[in-house]
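Here are my notes on the model you asked me to look over. Please read them beside the coordinates.

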Amino acid sequence: QEFAKPEANENAQDESLVRRHVSVADMVLDEDEKRTAGEILSILRNVPEIVSKYSTSTSLLKELDGSFLFVLAGPPGSGKTLFAQMLADEMGREYVEVSLADILGRLVGDSERQLSELFATAQKEHQILIFNEGDALFCARSNADSAAADNKLVSHALTLLENSRVDCFITTNRASAIDFAVKSRTLRTININAPSAECLWR
């Protein structure tokens with residue numbers, strides 16, 4: 001006996017591809033992290049008002065007038081990427097997650113080209129870039145001759161951060177390894193800790 005196969009629904013979405021919106025209420029955060037999230041969202045949601053009300057001579061407002069860069073630091077598994085996703089979702093912004101492996105190319109110049117294309121698309125589409133394990137891409141530059149290629153990529157990434165109007169989050173469990181020039185451009189470093197037992201049972 002043969003059974004008719006159900007017709008495929010062309011409009012059906014693969015459940016694995018459906019991403020849930022993440023809000024502050026969905027996160028297991030301690031009080032400091034909740035306060036930090038609220039402060040950041042308050043700033044980012046009111047950038048036009050802040051810039052128009054106050055002088056743009058301060059470095060903070062210059063950063064806000066162009067684009068923002070936050071570093072999310074904490075141990076592995078503490079939820080740094082999820083925290084960045086939550087902030088993007090709360091702002092109603094599309095985001096793209098990036099790792100060093102996503103942009104490395106085999107040929108000389110490939111990595112720089114792919115990174116440039118990534119920033120160009122993000123700027124055009126008003127996307128937020130989330131660099132996972134960002135210390136791998138934005139690592140401190142070395143004077144060693146063997147590090148010339150790495151230094152070139154880091155310098156190119158810094159140029160894009162400086163000149164592109166692209167909002168970025170960098171997650172890392174090695175904040176001390178990030179190049180000083182990145183830190184000087186960072187609006188704020190946010191420390192994310194693994195949820196405590198008290199938070200999980202609350």
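1. Basis. This is a predicted model, in which local features need pLDDT of at least 70 and side-chain atom pairs count only at pLDDT 80 or more, whereas totals for chains, interfaces and linings use all residues. Residues are numbered from 1 along each chain as its sequence is written, and side-chain values use heavy atoms, with hydrogens and water left out.

2. Overall fold. The protein has 9 helices and 5 strands, where helices (H or I, at least four residues) and strands (E, at least two) are DSSP runs numbered from the N terminus. Their order from the N terminus is α-α-α-β-α-β-α-α-β-α-β-α-β-α. Of the 202 residues, 39% are buried (under 20% relative accessible area, with exposed meaning over 50% and partly exposed in between, for a 1.4 Å probe and protein chains only). Among contacts (heavy atoms within 4.5 Å) with a separation of 6 or more, 75% join residues 24 or more positions apart.

3. Largest nonpolar core. A nonpolar core is taken here as a set of buried Ala, Val, Leu, Ile, Met, Phe, Trp, Tyr and Cys residues joined through side-chain atoms within 4.5 Å. The largest one has 24 residues, and L115, F119, L129, F131 and F138 touch the most other members. At least two residues each come from strand 1 (69-73), helix 6 (110-125), strand 3 (128-131), helix 7 (148-163), strand 4 (167-172) and helix 8 (180-185), with helix 7 giving the most, 6 residues.

4. Once its neighbours within four places in sequence are set aside, F131 is in contact with V98, L115, L118, F119, L137, F138, C168, F169, I170 and T171.

5. Helix 6. With 16 residues, helix 6 reaches 22 Å from its first C-alpha to its last, close to the 22 Å expected at 1.5 Å a residue (the expected span being 1.5 Å times one less than the number of residues). Its buried residues are D110, S111, E112, L115, L118, F119 and A122, and the helix is followed by H126, whose phi is positive, near 60°.

6. Helices 1 and 4. Helix 1 (residues 31-45) and helix 4 (residues 80-90) pack at an angle of about 40°, with axes 10 Å apart; axes are lines fitted to C-alpha atoms, for helices over the stretch in contact, and angles run from 0 to 180 degrees between N-to-C directions. The two helices are therefore oblique to each other, a class left after angles under 35 degrees (roughly parallel), over 145 (roughly antiparallel) and 65 to 115 (roughly perpendicular). E33, A37, I40, L41 and R45 of helix 1 meet F83, M86, L87 and E90 of helix 4.

7. Two loop residues. R93, in the loop between helix 4 and strand 2 (95-98), counts as buried at 12% relative accessibility, and beyond four places in sequence R93 touches A88, H126, Q127, I128 and D167. A140, in the loop between strand 3 and helix 7, is instead partly exposed, with a relative accessible area of 45%. A140 and A177 are 37 residues apart in sequence but 5.9 Å apart in space, C-alpha to C-alpha, and beyond four places in sequence A140 touches A177, I178 and D179.
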